[in-house]
Amino acid sequence: MSADRESLEAWLREHPEARDDLADLLRLRELYQSACPPEPDEAAWNAVRLHLGEALGRGRSPRRWWALAAGTAAAALLAVLLMRSAWSPFRLSPPLQGGGKAEGETVQGVERPFPVAEPEDVTIVSMDARDVAALVVGEPPVGGDLQFARPEDIRVIRCERCPHSGRSARLEQGDEVLMFVTAAAIAPPEDD
Amino acid sequence: MATLTAPCPHSASDEQLLACFAAGHRQALDELFRRYRQPAYRVAYRLLGHEADALDAVQEGFIKALTHLHSFQGRSSFKTWLLRVVSNAALDLGRQRHRRDAVSLDASPHKDLPDARLLTADETGRQLERDDLRRQLDRALDCLSEVQRQTFVLFADGGLSYREIAEVMHTSVGTVMSRLFYARRKLRNYLNERGSL
């Protein structure tokens, strides 16, 4: 018999009236255990487990000194370039051929069309799996005026947990319409 | 000392698994998750009353428990430490959401029923009774204060002893007993008034 149990038994001998309370507490516990919450399906568990691995993997990856040094060097180089462009705004632009003005050039000579890569110009050789969520591929989604859906236009059939964040959205009744609410960040555990 | 090449057997103790995890063994995390996901989920669910919220709390709890292992320091069992973090995460989440009566997507009253075509009429009836009882028990928890609810849930669903609950909540065993006494009385009154027992 453990020391805790012995001390409890001793206390109960001094307070026999509490035996019924204790018995009732144990019955209540059995009742709650018999009506346990519905278990999530295996897919939901897998999503949680997947996110755990990603989150803990990120936190546990060793910091490499050379990566830190490279980042510092890149930041320093960028700062120098920005300072140079601020003091001499035309130096970064290539010289214009024939002395004419380029398309889009203003009197100040700095507003030139920004070159944008076409889809065929880009080949993704590899990328970190964690960055997949940030990758946008395809044509711009908006071609004309935006048409907003009305609440009655939408019927929610199913809502699944996000495979990347592991979080889920829920539908709640707002003042006038239903709205999706996602989990907010949870504060760190209290140290009490 | 565990190494990256040494296997982490399923029979390993929690301490061994934590050492394996610290050494970078992915398998150790799998095993810790498999061992404790259910009690962690049950505690979170009872405190939040919602499956998706409970899974969020379990997820946050595991992440925080394993990234703050230096705070754990082996003073209690890993299960006790984990349930402390999970229950705190669940209470934080519940405070943020104020336990609103959500029009939840999975709030269909019999969502957790197995496929009705596979059940006989008797089985379906029993399942409905169990679901009704569970909902009554969950509602009864709402009449408890936050500390009473956390104490009772750690006792009933977490399976922790008085001493373990006292460690989790940084209080004395006597205070745990007192909280359980008042929690039991309130729950009993609530359930008796509604004829749930």
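B:R184 has a relative accessibility of 8% and therefore counts as buried, since the cut-off for that class is under 20%. This arginine belongs to helix 9 of chain B, which spans residues 173-193. When neighbours within four places in sequence are set aside, the contacts of B:R184 are A:D21, A:D24, A:L25 and A:L28. The model described here is a predicted one.

**The interface between the chains**

The contact involves 56 residues of chain A and 64 residues of chain B. As a general point, interface size is often expressed as the accessible area that is lost when the parts come together. Between chain A and chain B, the buried area is about 5600 Å², and carbon and sulfur atoms give 61% of this area.

Charged and polar pairs also occur at this boundary. The number of salt bridges between chain A and chain B is 6. In a salt bridge between B:D30 and A:R49, the closest N and O atoms are 2.5 Å apart. Residue pairs in polar contact across the interface of chain A and chain B, with both residues at pLDDT 80 or more, number 11. On the side of chain A that touches chain B, at least two residues each come from helix 1 (3-14), helix 2 (18-34), helix 3, strand 1 (169-173) and strand 2 (178-182). Helix 3 of chain A gives the most to that side, with 11 residues.

Over all chains, the structure holds 8 aromatic pairs.

| Aromatic pair | Centre to centre | Angle between planes | Arrangement |
|---|---|---|---|
| A:W45 and B:F33 | 5.7 Å | 80° | edge-to-face |
| A:W45 and B:Y41 | 5.7 Å | 75° | edge-to-face |

The pair of A:W45 and B:F33 crosses between chains, running from helix 3 of chain A (residues 42-60) to helix 2 of chain B (residues 26-48). The pair of A:W45 and B:Y41 likewise crosses between chains, from helix 3 of chain A to helix 2 of chain B.

**Arginines over aromatic rings**

A:R29 is positioned over the face of B:F155, at 4.5 Å from the ring centre. Within chain B, B:R194 lies over the face of B:Y190, at 3.7 Å from the ring centre.

**The make-up of chain A**

Which elements does chain A contain, and in what order do they run from the N terminus? Chain A has 4 helices and 2 strands. The order from the N terminus on is α-α-α-α-β-β. Of the 192 residues in chain A, 18% are buried. Considering contacts in chain A between residues at least 6 apart in sequence, 18% of them join residues at least 24 apart.

Conventions: Residues are numbered from 1 along each chain as its sequence is written. Chains are lettered from A and ligands numbered from 1 in the order in which they are written. This is a predicted model: local features need pLDDT of at least 70, side-chain atom pairs count only at pLDDT 80 or more; totals for chains, interfaces and linings use all residues. Side-chain values use heavy atoms; hydrogens and water are left out. Rings of Phe, Tyr and Trp (its six-membered ring) pair if their centres lie within 6.5 Å; planes under 30 degrees apart count as stacked, over 60 as edge-to-face and the rest as tilted. A charge sits over a ring if NZ of Lys or CZ of Arg is within 6 Å of the ring centre and within 35 degrees of the ring normal. Buried means under 20% relative accessible area, exposed over 50%, partly exposed in between (1.4 Å probe, protein chains only). Contact means heavy atoms within 4.5 Å. Buried area is the accessible area (1.4 Å probe) that two parts lose on being put together, summed over both. A salt bridge is a side-chain nitrogen of Lys or Arg within 4 Å of a carboxyl oxygen of Asp or Glu. A polar contact is a pair of N or O atoms within 3.5 Å; within protein, one must be able to donate a hydrogen and the other to accept it, and residues adjacent in sequence count only if both atoms are side-chain atoms.
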